[in-house]
Amino acid sequence: MSALKVKNVSAPEPPPPPQAALSTRLVGAFFSTAFLLVIAASAILYAATVSALDSADDQVIDKRSADITDILEAPVLNDGNLAHEINEDNQGPRQIFIRVIAPIEAAAQETTGMASRLPADKFPTTEETTPLHVPLRNTVITKSGETFRVVSSRVRIGGETSKTFATLQVATDTTLDEHVLAVFQRILFSVIGGAFPLVAALSWFVVKRELRPLERITSAAKAIDVETIGKRMSLENLPLELHHLAQQFNLMLDRLEAAWEDLKHYADTIAHEMRTPINRLRLNNEIALARAETEDELREVVLANGAECERLTSLLNGLLFLARADNLQARISPERLSISDQVAVVAAFYEDDARAAGVNLGIKVSPGCCNVRADRELFKQALANLVSNAIRHTPPDGTVTISCEGTHDEVLIHIADTGSGITPETKDRIFDRFYRGDEVMEQESRLGLGLAITKSIMKLHGGQIRVDSTPRLGTRMTLAFPTRDTILSD
C-alpha cells in the first residue's frame with residue numbers, strides 16, 4: 001500500500017448559471033417564426049395585388065395603343081377617326097389619355113385636357129434607337145395627387161415603307177386603384193395587428209402542451225429517492241425524442257437501483273466482517289478478565305487479539321485500496337521489473353504453504369525471459385493473491401504452475417492449477433468483493449477481497465485479469481499487461 005498516493009482534491013467550481021427557460025426560448029422562436037410568416041404573407045399578398053392591378057391596367061393601355069397604332073400605320077391616315085379614338089375614353093373614373101407626337105400635323109393629336117394633367121415629360125422618353133412597338137412603362141403621380149399608369153412606344157406613320165415615325169403616349173387614371181390599395185393596406189395592418197396576440201397565445205399554448213411530457217419526466221426525477229428508486233416512468237403517449245429520454249432515464253434507474261442494492265449488500269457485508277473480529281476481541285477480553293490468572297493465559301489472549309487486529313487491518317487496508325482505485329485516487333510508481341525475479345520472490349514466500357498443502361509449486365519462467373513496467377509492490381501483491389488462491393483450491397498432489405509469455409500486444413503471466421475449477425455460474429462473481437465460494441469454516445478466515453484487489457491493480461496498470469477454468473480439471477488465471485506500458489527483452 002506504500003505505493004498509493006492521495007491526490008489533492010480542489011473545491012468544485014460553482015455550476016454555471018442556468019440559461020433562459022426552454023419554454024420561453026421555444027415560445028419566442030415559435031412566435032417570431034409565425035409572426036414573420038404572417039408579415040411575409042401579407043407583403044406577398046399586397047405585392048401580388050399591386051402586380052395584378054398594374055397588369056390589368058397595362059392590358060387596357062395595350063389594347064388602346066394597338067387601336068391607335070393600326071390607324072397610324074394605315075397607308076392613308078384617317079385623322080378624323082384618329083381624333084375620335086383619342087377622345088373616346090376621356091370620361092368616367094378610369095379615363096384614358098392618348099397623345100401622338102409626330103412631325104405630321106394631322107397625326108399630332110392628344111386627348112382634350114391632357115396637356116394640363118399629363119404633360120409629355122411625365123412619360124418615358126423614346127429614342128430613335130427604341131424598337132418599334134416596344135412599350136416603355138411607368139407609374140407617375142401628378143402634383144394634384146392623381147396616379148396614372150403611363151406607356152410610351154415608337155410607332156410608324158404610313159405604310160411599311162414609310163420613314164416617318166411618331167411617339168405614342170397612352171395613360172390611364174389609376175387613382176381609384178390607389179384608393180383600393182389603401183383600403184387593402186388597412187385591412188392587412190388590421191390582420192397583422194390582430195395576429196400579434198393570437199400568435200403569441202397560440203405559441204404559448206402549443207409549447208406548453210408539447211413540453212408537458214418533459215414536465216412529467218422532471219416530476220418523476222424529483223420524486224426519486226431511496227423509497228421510490230424502484231419506480232419507473234411510463235413511456236405511454238411520449239413523443240419519439242422524449243420516449244428515448246424516458247427510456248434511458250429508466251435504464252439509469254435500473255443501474256442506480258442495482259448499485260444501491262450492491263451498496264446495501266456491501267455495507268451489510270462490511271458490518272458483518274468487522275463485527276466478527278470485534279466480537280472476538282471483546283470475548284477474549286472478557287475471558288481474560290474473568291478467568292486468566294497466569295502469564296501464559298494472558299499471552300494467549302493477547303496473541304488471539306493480535307490476530308483479530310491483523311484481520312481488521314487487512315480488511316480496512318483492502319477496502320481503502322479499492323475505494324481509492326474506484327475513485328481514481330490511487331497512484332502507482334511504475335518501474336522496469338524482471339518478471340523472473342519477481343516470480344522467484346513470490347514463489348519462495350509461498351513455498352512453505354504449498355509444501356504444507358501437499359501442492360507442487362512449479363515455475364516455468366526463464367531468467368530474463370521478459371520484463372514488465374509496473375509498480376513493484378502492487379505487482380507482487382497481484383501475483384501473490386493468485387498464487388495463494390491457486391494453492392488453496394488445489395488438492396494434495398496437485399500442481400500450481402507460474403509461467404510467462406510475451407506477444408506483440410501483451411505480456412502474459414499465467415498461474416495455472418489442477419484444482420477444483422470454477423463453475424460457469426460463479427465465474428462472473430469471483431471478482432466481486434467479499435465473494436467466497438469455499439466452505440463456511442474457511443470463509444471465517446478469509447476476507448474475499450483478493451481477486452477484487454487484483455482486478456483493481458490490473459486496471460491501474462491498464463491491463464486485465466482473465467480466467468480460463470474447467471470444473472474438476474483446474475483453473476488458469478492470467479495477468480495481461482499491455483506492451484505500450486511494458487518493455488520486452490530481446
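The accessible surface of this protein comes to about 28800 Å², of which 57% belongs to carbon and sulfur atoms; such areas come from the Shrake-Rupley method with a 1.4 Å probe, and for residues only the protein chains shown count as cover. The model is predicted: local features need pLDDT of at least 70, side-chain atom pairs count only at pLDDT 80 or more, and totals for chains, interfaces and linings use all residues. Residues are numbered from 1 along each chain as its sequence is written, and side-chain values use heavy atoms, with hydrogens and water left out.

**Exercise 1.** Determine whether serine 23 is buried or exposed, and state its contacts.

*Solution.* Step one: serine 23 lies in helix α1 (residues 22–72); helices (H or I, at least four residues) and strands (E, at least two) are DSSP runs, numbered from the N terminus. Step two: its relative accessibility is 18%, and therefore serine 23 counts as buried (under 20% relative accessible area; exposed is over 50%, partly exposed in between; 1.4 Å probe, protein chains only). Step three: apart from neighbours within four places in sequence, serine 23 is in contact with Val207, Lys208 and Leu211, where contact means heavy atoms within 4.5 Å.

**Exercise 2.** Describe how α1 packs with helix α2 (residues 79–86).

*Solution.* Step one: the two axes come within 10 Å and cross at roughly 170 degrees. Axes are lines fitted to C-alpha atoms, for helices over the stretch in contact, and angles run from 0 to 180 degrees between N-to-C directions. Step two: α1 is therefore roughly antiparallel to α2, a label for angles over 145 degrees. Step three: Arg64, Ile68, Ile71 and Leu72 of α1 meet Asn81, Leu82, Glu85 and Ile86 of α2.

**Exercise 3.** Identify the largest nonpolar core and its main contributor.

*Solution.* Step one: a nonpolar core is a set of buried Ala, Val, Leu, Ile, Met, Phe, Trp, Tyr and Cys residues joined through side-chain atoms within 4.5 Å. Step two: the largest has 41 residues, and those with the most contacts inside it are Ile339, Phe379, Val387, Ile413, Ile415 and Phe481. Step three: elements supplying at least two residues each include α8 (339–357), α9 (376–392) and β9 (410–417); α9 gives the most, with nine. Step four: isoleucine 339 has contacts beyond four places in sequence, among them Val365, Phe379 and Ile413. Step five: a second, separate core of 17 residues includes Ile71, Ile98, Ala102 and Ile157.

Methods
Angles under 35 degrees count as roughly parallel, over 145 as roughly antiparallel, 65 to 115 as roughly perpendicular and the rest as oblique.
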